[in-house]
Amino acid sequence: MFTPKTKQPSEMMTTPELIAQTNQSLLADHQHQLYHLQEILAKKQIDIEPVIQKLQAFQVSVPSWALGTGGTRFGRFPIGGEPRSIEEKIADTSLLHQLTGSNNAISLHIPWDTSLDYSAVRQFAHSRGIKFDAINSNTFQDHPQQVYSYKYGSLSHTKAEVRRQAIEHNCEVINIGQQLGSKALTTWLGDGANFPGQNNFRKAYERTAESLQEIYRYLPTHWQMLIEYKPYEPNFYSMVIPDWGTALLLAQQLGDQAQVLVDLGHHLPNTNIEQIIARLAGIGRLGGFHFNGSSYGDDDLTTGALKPYRLFLIFQELVNAMWSDAPTNASDIAWMIDASHNTKDPIEDLMQATEGILIEYAHALLIDQKMLEYMQEENEVVQAQEILQAAFRVDVRPLVAEARFRNKACIDPLTFFRAQRIRAALIEKRGVASRATGL
Ligand code: AOS
Ligand code: ZN
Ligand code: ZN
């Protein structure tokens, strides 16, 4: 591994020159692997060029709260050097993007990410090559300045004054997003009930729909409202928006600017998520996507670490929807990683998640959609499965590395991050006790 002699200024952590220099030392090996793969795929009539270009274009945004360590209700183990402000979160996103070439946006969460000067924040992000993706409201926690508690709900609350406060918060989040150049509001509600009899399901839904209607009316014309669903947590008996059906119903009642957001961890075990994706993409209502990995529920583990085949099947539905001209266009979807880091270095985990996402996207891009459709039409079940398996078994990592290389990012980001001792530099700069805002 190449290690530079000069120490980088801790402000920038790395430079394009250093990345290019390091890439040079890895280039011969990388190209050897790429040419080998190119030959294998050429024999199957697959041209790697369009695949690499699509991988280069794919950008997945970083949630501001995942740049620090998360935790559980049992505890938290901060790693040190965590970002202490929006600017530092943007700096970490920019660093990550320099290394991966695939994370050019940040998704903020209000009020975890407030500022006195959003135009300065916007300028700072612009100077670092970072954009603002969907902005998140937060009515699942009580915040210091608020008058009413969300203990019994927010947009669905029985009391009009609590609903009003939650509506106004969402409008305020839109105002902030507008100043930053964001184009979507993500609403995820913790609203629900822990006990039978606690809520009137029908009325809780109606109140939520009415509250969302008010926020929707406030939405700028070029914005989207993304409605995220979740079957349980923080309420364990019922959630007001538990599933994609409810989220879709709300979106349809609201209008064309309202879309459903699918978080991979927000399904009960064994749910066929790829079918949900196909349904929503097919009717043009898939607006947002939260990537993570899950074993049981909303585990927020690293994307692709546990169920790469399922992620591949999800990407197959997206690629197929684009191929077949379904109303959903991937470029209109707000892609975001939504994870919580209890064990790993958050930046390293985001690199692994990004790699996991791109690998399964690449696998899906290798599928001959026309041939698959033919096999499906002819009820050639065995051959259809063979097509999927053949794509999934290819080691596409050289394609992903090539996309990064062409994006002027690292051929091997994780090794670079470690060799440059970037976490140590962040700790030196921000201290060992620095803690990012978030859960
Ligand atoms: C919560 O489970 C959801 O995934 C939301 O997207 C939430 O805003 C985010 O995870 C921060 O808690
Ligand atoms: Zn989410
Ligand atoms: Zn979640």
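This is a predicted model: local features need pLDDT of at least 70, side-chain atom pairs count only at pLDDT 80 or more; totals for chains, interfaces and linings use all residues.
Local features need pLDDT of at least 70 and side-chain atom pairs count only at pLDDT 80 or more, while totals for chains, interfaces and linings use all residues; side-chain values use heavy atoms, with hydrogens and water left out. Residues are numbered from 1 along each chain as its sequence is written, and chains are lettered from A and ligands numbered from 1 in the order in which they are written. The structure holds 18 salt bridges, a salt bridge being a side-chain nitrogen of Lys or Arg within 4 Å of a carboxyl oxygen of Asp or Glu.

**Terms for position and exposure**

- Helices (H or I, at least four residues) and strands (E, at least two) are DSSP runs, numbered from the N terminus.
- Buried means under 20% relative accessible area, exposed means over 50%, and partly exposed lies in between (1.4 Å probe, protein chains only).
- Accessible areas come from the Shrake-Rupley method with a 1.4 Å probe, and for residues only the protein chains shown count as cover.

**Arg430 and its partners**

- Arg430 lies in helix H15 (residues 422-430) and is buried, at a relative accessible area of 7%.
- A network of salt bridges links Arg430 with Arg84, Glu88 and Asp92.
- The side chains of Arg430 and Asp92 are joined by a polar contact of 2.8 Å; a polar contact is a pair of N or O atoms within 3.5 Å, where within protein one must be able to donate a hydrogen and the other to accept it, and residues adjacent in sequence count only if both atoms are side-chain atoms.
- The Arg430 side chain also reaches the backbone oxygen of Gly81, at 3.0 Å.

- Asp298 and Lys230 form a salt bridge whose closest N and O atoms are 2.7 Å apart.
- This pair is 68 residues apart, with Asp298 in the loop between strand S10 (286-291) and helix H9 (308-323) and Lys230 in the loop between strand S7 (224-228) and strand S8 (238-239).
- Asp298 is partly exposed at 22%, whereas Lys230 is buried at 4% relative accessibility.
- Glu274 and Arg310 form a salt bridge, with the closest N and O atoms 2.9 Å apart.
- Because Glu274 lies in helix H8 (residues 273-282) and Arg310 in helix H9, this pair ties together parts that are 36 residues apart in sequence.
- Glu274 counts as buried at 11% relative accessibility, and Arg310 as partly exposed at 25%.
- Arg418 and Glu348 meet through their side chains in a salt bridge of 2.8 Å, N to O.
- Here the pair is 70 residues apart, linking helix H14 (residues 413-419), which holds Arg418, to helix H10 (residues 346-365), which holds Glu348.
- Arg418 is exposed at 55% relative accessible area, while Glu348 is buried at 12%.

**Negative surface patch**

- Glu373, Glu377, Glu378 and Glu380 form a negative surface patch.
- Patches are made of residues with over 30% relative accessible area and no salt bridge, like charges being joined within 9 Å.
- Glu380 is found in the loop between helix H11 (369-377) and helix H12 (381-392) and is partly exposed, at 37% relative accessibility.

**Gln24**

- Gln24 lies in helix H1 (residues 16-43) and is exposed, with a relative accessible area of 53%.
- The C-alpha atoms of Gln24 and Met336 are separated by 31 Å, the two residues being 312 apart along the chain.

Technical notes: Patches are made of residues with over 30% relative accessible area and no salt bridge: like charges are joined within 9 Å, nonpolar side chains (Val, Leu, Ile, Met, Phe, Trp, Tyr) within 5 Å. Lys and Arg count as positive and Asp and Glu as negative; His and the chain ends are not counted. The place of a charge is taken as NZ of Lys, CZ of Arg, CG of Asp or CD of Glu.
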